[in-house]
Amino acid sequence: MENWEPKIATFLCNWCSYGAADLAGVSRFQYPPNFRIIRLPCSARVSPKFVLSAFRHGADGVWISGCHPGDCHYLEGNYYARRKFALLKGLLEHIGLEAGRLHFSWISSAEATKFVDVANRVAKEVEAMGPARFFIKSRAEVA
Amino acid sequence: MLKYTEKIVETAKRLLAEEKVDVFIGYQKGTVPMMNEPLLVNHPDKADTLYWDNFCGLNLCNYLTKRTDKIGIIANGCNSRNMATHIIENQIKRDQLYIVGIPCEGMIDHRAVVRAVKNREILNIVQEGSTFVVKGKDFEETFEKQKFLQSNCAVCRHRNPVLYDEMLGDPLEEQTDVNPYGDIEKIEEMDSEKKQGFFQRLISRCIRCYACRNSCPLCYCPTCFVDESEPQWVGKSIDPTDTLTFHFLRAYHCAGRCTDCGACERVCPMGISMRQFTKKLNKDTEELFSWEAGLDPEKRPPLDVYRPDDYNDFIK
């Protein structure tokens, strides 16, 4: 456990946060290497199944990031997503997920600095929680 | 409550005879006490077995989807709200329905009755006013209905139907001094470890029979997420994680739609209180989006609309 590093499943909207991650890289900004980035067409593409599946397969944290409200490429996708996420986070934390494991943010494609800042905060919070035990299967997964 | 039986039979006969409806959906007495069954009647002569008492806890809206004929149906508060939800979701048209409203005093929790008579076999139950008499082979005990209500009925705030074409009785006074979310608030105060323990214990008896899903009028998808195999989102074993995933997603699918009718809990063979999941979502939708399911068939549901100034505090 000494060299344990958290794995954070990261769902990024193609039109903004993914661009911000790209810009952060091109700009040679440093941010923690714990993120496993999954590119999506919109934050509204995220289904609760994705989040549960990530935790079930051993992610220590999940971070979902999309465009600022009003800036959605599809005009209103993130508004719908926000309502889904509010209920998702509420119910997940109600059944026992620790408060520091599931993160959401709005980051535009120009906000590479915000991306790095949020990435640092998310990594720090998830690291502080230690390895995830909740939602991990106790028995081996049988396909 | 019993007085409604006659009125229901009378109404069903009239509606079927006048050909106002092609089928009438109600309840009949079950083969064992406390287990009233749904009944679909298509001829006035068959309407005599229709029945109503405080054990009509199943939700009749399960039988509405995919029907194209005219339907007469009994509705108490929660069932009528499910009809409104069905109308919102285009599962049935309002003009297909002839809703016979019944003000509902709440359903009796059959498990509580069995516990009260110490698991002895119950042969018959007779309801009289606010009490009911439980008869067995060598015992007879009288109980007060009010103390044996299902937990969702005890805190019900919509006892009268919200939609109806005809009412069979005078509307009841709604309960306003109840807190429907008392038990949820207690869980919210726990830390995450305690919450995990609470929910693990809660679902530990689950045998994944999906009775809760099948009894729920909201579950009408052609392919349920638990039956999907490519990709398979939910494991099929009774590993606690798989079971929790199932209950979580089942509840989440009911977000903003659940009317807390209690059918899921009533049918659970293991007596699991899965309303602890759905009620949290009901509480959140009410607090965040000022929404209670099924009160108005004209209004769009909370996850189908948005406001630019929605709750945003949890997002960085």
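**Stop 1: H8 and H10 of chain B**

Select helix H8 (240–253) and helix H10 (275–289) of chain B. In this predicted model, the crossing of H8(B) and H10(B) is right-handed. The angle between the two helices is about 35°, and their axes lie 9 Å apart. To see where H8(B) and H10(B) meet, show the side chains of His247(B), Phe248(B) and Ala251(B) on H8(B), then those of Phe277(B), Thr278(B) and Leu281(B) on H10(B). Colour these residues by class, and the contact shows 4 nonpolar, 2 polar and no charged residues.

**Stop 2: H6 and H8 of chain B**

The axes of H6(B) and H8(B) come within 10 Å and cross at roughly 90°. H6(B) and H8(B) are therefore roughly perpendicular to each other. On H6(B), pick Phe199(B), Gln200(B) and Ile203(B); on H8(B), pick Pro240(B), Thr243(B), Leu244(B) and His247(B). His247(B) was also on show at the previous stop, as one of the residues of H8(B) in the contact with H10(B). The contact of H6(B) with H8(B) holds 4 nonpolar, 3 polar and no charged residues.

**Stop 3: where chain B meets chain A**

Now bring both chains into view. On chain B, 34 residues are in contact with 34 residues of chain A. H8(B) gives the most, with 8 residues. Coloured by class, this side of chain B has 21 nonpolar, 6 polar and 7 charged residues.

**Stop 4: the sheet of chain A**

Four strands form an open sheet in the order S2-S1-S3-S4, with parallel pairing. S2(A) and strand S4 (102–106) of chain A are at the edges, each with a single partner strand, so one side of each has no neighbour in the sheet. From one strand to the next, the twist averages 20°.

Zoom in on strand S1 (residues 8–13) and S2 of chain A, which pair in the parallel sense over 6 bridges. Select Phe11(A) to find its bridge partner in S2(A), Ile38(A).

**Stop 5: Ile37 of chain A**

Select Ile37(A), in strand S2 (residues 35–40) of chain A. Is Ile37(A) buried, exposed or partly exposed? Ile37(A) is partly exposed, because 15 other C-beta atoms lie within 10 Å, a count between the 12 or fewer of an exposed residue and the 20 or more of a buried one. Leaving aside residues up to four places away in sequence, Ile37(A) touches Thr10(A), Leu12(A) and Ala21(A). For a distance across the chain, pick Leu91(A): Ile37(A) and Leu91(A) are 54 residues apart in sequence and 24 Å apart in space, C-alpha to C-alpha.

**Stop 6: strand S1 of chain B and its partners**

Return to chain B and select strand S1 (residues 23–28). S1(B) pairs with strand S4 (residues 71–75) of chain B in the parallel sense over 3 bridges, and Ile25(B) stands opposite Ile73(B) in S4(B). S1(B) and strand S2 (residues 37–41) of chain B run antiparallel, joined by 5 bridges; here Gly26(B) stands opposite Leu39(B). Strand S3 (residues 50–51) of chain B also runs antiparallel to S1(B), with 2 bridges between them, and Gln28(B) stands opposite Leu50(B) in S3(B).

**Stop 7: two hairpins in chain B**

Strand S6 (residues 122–128) and strand S7 (residues 131–136) of chain B run antiparallel and are joined by 6 bridges. Gln127(B) stands opposite Phe132(B) in S7(B). This hairpin has 2 residues between the strands, and Gly129(B) takes a positive phi near 55°.

Strand S8 (residues 140–144) of chain B comes next: S7(B) and S8(B) pair in the antiparallel sense over 5 bridges. Select Lys135(B) and Glu140(B), which stand opposite each other. How many residues join S7(B) to S8(B) in their hairpin? The hairpin runs through 3 residues.

Key. Residues are numbered from 1 along each chain as its sequence is written. Chains are lettered from A and ligands numbered from 1 in the order in which they are written. This is a predicted model: local features need pLDDT of at least 70, side-chain atom pairs count only at pLDDT 80 or more; totals for chains, interfaces and linings use all residues. Two residues are in contact if their C-beta atoms, placed from the backbone, lie within 7 Å. Ala, Val, Leu, Ile, Met, Phe, Trp, Tyr, Cys and Pro count as nonpolar, Asp, Glu, Lys and Arg as charged, and the others, Gly among them, as polar. Axes are lines fitted to C-alpha atoms, for helices over the stretch in contact, and angles run from 0 to 180 degrees between N-to-C directions. A crossing is left-handed if the near helix is turned anticlockwise from the far one by less than a right angle, and right-handed if clockwise. Angles under 35 degrees count as roughly parallel, over 145 as roughly antiparallel, 65 to 115 as roughly perpendicular and the rest as oblique. Two strands pair if DSSP finds at least two bridges between them.
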